[in-house]
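Hi there,

Here is the structure I promised to pass on to you. Please have a look at it first, and then read my notes below.

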Amino acid sequence: MTNPLFDHLFGRHDGQDTAFLILPGGQTLTHAAFLAMAARYAHVFVDLGLKPGDRLALQVEKSPQALAVYAAAVQAGIVFLPLNTGYTASELSYFVQNSGAGVLICDPANAGNLQPVAQAAGAHLETLGADGTGSLADRAARAPAQFETVARGGDDLAAFLYTSGTTGRSKGAMLTQTNLLSNAETLVDLWRFTKDDVLLHALPIFHTHGLFVATNVMLLAGGPMIFLPKFDLDQMIAQMPQATAMMGVPTFYTRLLDDARFTGDLVRHMRLFVSGSAPLLAETHTQFETRTGHRILERYGMTETNMNTSNPYDGARRAGTVGMPLPGVALKITDPTTGVTLPDGDIGQIEVRGPNVFKGYWQMPEKTREELRADGFFITGDLGLIDDQGYVQIVGRNKDLIISGGYNIYPKEIETVLDDQPGVLESAVVGLPHPDFGETVVGFVVAAPGQSPDLDAMGSAVREHLARFKHPRRLIILPELPRNTMGKVQKNMLRQEYAAMFAGPD
Ligand code: MLC
Ligand code: AMP
């Protein structure tokens with residue numbers, strides 16, 4: 001094997017006319033056609049000067065071509081850096097600069113906006129539209145459909161995924177070939193995926209869940225994916241009869257349950273429903289079983305670690321738990337202050353170690369040392385316990401993080417923008433319970449003495465700097481923020497007081 005990740009995920013399908021991607025219009029892309037496209041892209045990237053270990057950033061709509069860029073990067077030994085399509089030019093500028101990406105691929109509609117970003121970072125800009133057209137396709141049309149796979153080792157980097165931080169500065173999580181491959185192999189085995197499975201894929205492909213869990217698992221198993229550009233209820237219901245399995249964030253499940261067309265009959269034939277990326281309410285789990293007879297299999301992971309735990313395939317899938325550590329993954333609960341391991345049943349911070357755990361944060365040795373211990377245990381920032389049956393329960397977070405519809409939002413990033421606005425003394429951003437997104441963002445602002453901040457102007461500033469999913473759904477002016485005796489802002493008091501804000505219709 002010269003390039004384990006490529007050989008296992010992609011190379012094994014070389015020349016195979018088996019279905020890989022089934023598109024909403026009914027067209028099917030075979031593994032062979034997909035690989036030929038990837039090979040052409042790999043030639044383009046090499047011609048553009050990218051060498052093994054260089055970074056390639058991509059911010060485009062979900063499409064087979066976007067996925068082929070991932071395959072091409074792996075084949076050419078280039079580090080793949082997918083970016084949320086919601087990011088603004090100012091957010092993107094940081095990622096491209098920080099990663100030192102040699103090439104940035106964007107939607108043709110954003111090229112004008114992003115050319116200065118690419119130029120300032122010394123990156124070359126290419127375009128790729130949702131329909132597959134653009135400058136990348138033009139170049140690829142002139143490239144050969146075979147590419148000699150670049151040799152790589154398990155410890156070589158395969159991808160960078162940026163995760164925001166509690167300090168407001170995003171960190172590039174460096175994922176190796178072994179991180180990705182070992183996790184996909186474990187999941188295929190544990191969740192019994194085979195080439196006879198058809199996965200209903202409606203997740204974005206710029207995050208761990210849609211890219212490394214869903215896609216890598218199906219590439220290894222050999223079966224096709226019904227590849228929807230995004231979650232769309234009508235499409236989900238129309239395509240469900242052709243699928244055998246689905247993976248989604250809790251919002252997928254609550255939205256399906258809210259639709260009367262989603263019945264037991266519609267999904268009787270399904271083999272597996274997996275949920276993750278955010279807490280699945282026990283109530284949703286129960287409702288789903290009552291409606292369909294299926295018990296959702298909940299698992300727990302993160303960008304830095306891929307998947308850590310899973311409920312069992314055969315044993316009890318218990319609501320409100322994320323199951324047991326995956327084979328090969330060690331998990332312990334420790335005291336957040338001393339780092340000492342706590343007995344089962346006690347609540348503490350969750351730490352994990354295994355071949356799934358990333359190599360560290362790109363060019364942030366101190367951050368890496370803070371979260372990744374010398375003995376290999378990664379401090380997840382999640383709080384939980386191991387119950388008397390060995391199941392892990394997540395009870396909270398030791399990090400100031402909001403998860404909205406499966407997207408992570410670090411309040412600090414929003415507070416920094418709010419604090420910069422005229423007339424603002426300080427701000428506190430919290431996540432409040434939301435029926436659709438699980439949690440949603442609300443900003444509390446305190447005016448500087450004698451001033452009255454302009455909420456509309458603040459909204460505009462937020463829109464300019466931050467992706468839509470991070471925007472506070474409400475901005476509220478308070479005379480002061482609740483603080484403890486040490487002067488620390490008590491966000492839990494804000495969360496409690498305003499808990500019912502979205503209980504009714506939004
Ligand atoms: C979209 N919007 C969101 C949002 N998604 N706002 C907050 N949170 C979100 N998650 C914005 C839209 O831009 C829109 O803005 C408005 O909210 C309503 O949009 P919508 O049409 O209702 O949203 P939709 O496009 O249907 O998207 C919702 C969603 C999507 C839940 C389907 O966000 C999604 O696919 N989430 C999955 C995220 C994911 O893959 N997470 C995995 C991370 S990996 P406007 O302007 O119209 O009001 C990870 C590790 C692990 O965490 O363990 O897996
Ligand atoms: P991310 O940094 O986007 O990869 O998000 C990872 C975080 O999502 C974890 O640290 C958890 O807080 C959360 N998460 C993932 N899966 C679950 C789950 N099944 N239940 C609760 N939280 C989860």
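To start with the fold as a whole: among contacts in the protein between residues at least 6 apart in sequence, 66% join residues at least 24 apart, where contact means heavy atoms within 4.5 Å.

Before the rest, some housekeeping. This is a predicted model, in which local features need pLDDT of at least 70 and side-chain atom pairs count only at pLDDT 80 or more, while totals for chains, interfaces and linings use all residues. Residues are numbered from 1 along each chain as its sequence is written, chains are lettered from A and ligands numbered from 1 in the order in which they are written, and side-chain values use heavy atoms, with hydrogens and water left out.

**Overall picture**

The protein has 16 helices and 25 strands; these are DSSP runs numbered from the N terminus, with helices being H or I of at least four residues and strands E of at least two. Its radius of gyration is 23 Å, close to the 23 Å that the globule rule gives for 506 residues, so the protein is as compact as a globular protein of that length. That radius is taken over C-alpha atoms, and the globule rule is 2.2 Å times the number of residues to the power 0.38. The C-alpha trace spans about 65 × 55 × 50 Å along its principal axes.

Of the 506 residues, 58% count as buried (buried is under 20% relative accessible area, exposed over 50%, partly exposed in between, with a 1.4 Å probe and protein chains only). The accessible surface comes to about 20100 Å², and 51% of that belongs to carbon and sulfur atoms; areas come from the Shrake-Rupley method with a 1.4 Å probe, and for residues only the protein chains shown count as cover.

**Charges and salt bridges**

The mean positions of the 40 positive and 53 negative charges are 1 Å apart. Here Lys and Arg count as positive and Asp and Glu as negative, with His and the chain ends not counted, and each charge is placed at NZ of Lys, CZ of Arg, CG of Asp or CD of Glu.

How many salt bridges does the rule give? The count comes to 23, a salt bridge being a side-chain nitrogen of Lys or Arg within 4 Å of a carboxyl oxygen of Asp or Glu. One of them joins the side chains of Glu 91 and Lys 470 at 2.5 Å, N to O. Glu 91 lies in helix 4 (residues 89-99) and Lys 470 in the loop between helix 15 (455-465) and strand 25 (474-478), so this pair ties together parts that are 379 residues apart in sequence. Glu 91 is buried at 6% relative accessibility, and Lys 470 is buried at 3%.

Another salt bridge links Asp 400 and Lys 491 at 2.6 Å, N to O. Asp 400 sits in the loop between strand 20 (392-397) and strand 21 (402-404), and Lys 491 in helix 16 (residues 491-497), so the pair ties together parts that are 91 residues apart in sequence. Asp 400 is partly exposed at 30% relative accessibility, whereas Lys 491 is buried at 12%. There is also a network: salt bridges that share partners join Lys 171, Lys 367, Glu 370 and Glu 371.

Lys 332, in strand 16 (residues 330-334), may interest you. Lys 332 is buried yet has no salt bridge, and the nearest side chain of opposite charge, Glu 351, is 4.3 Å away. Leaving aside neighbours within four places in sequence, Lys 332 is in contact with Thr 341, Gln 349, Ile 350, Glu 351, Asp 375 and Phe 377.

**An enclosed helix**

Six of the eight residues of helix 10 (residues 250-257) are buried, so helix 10 is largely enclosed by the rest of the structure. Its buried residues are Pro 250, Thr 251, Phe 252, Tyr 253, Leu 256 and Leu 257. They pack against helix 9 (233-239), strand 11 (245-248), strand 12 (272-275) and helix 12 (282-292).

**Two backbone angles**

Ser 277 and Gln 363 each have a positive phi although neither is glycine. For Ser 277 phi is near 85°; this residue lies in the loop between strand 12 and helix 12 and is partly exposed at 27%. For Gln 363 phi is near 55°; Gln 363 is found in the loop between strand 18 (360-361) and helix 13 (365-371) and is exposed at 58%.

Best wishes
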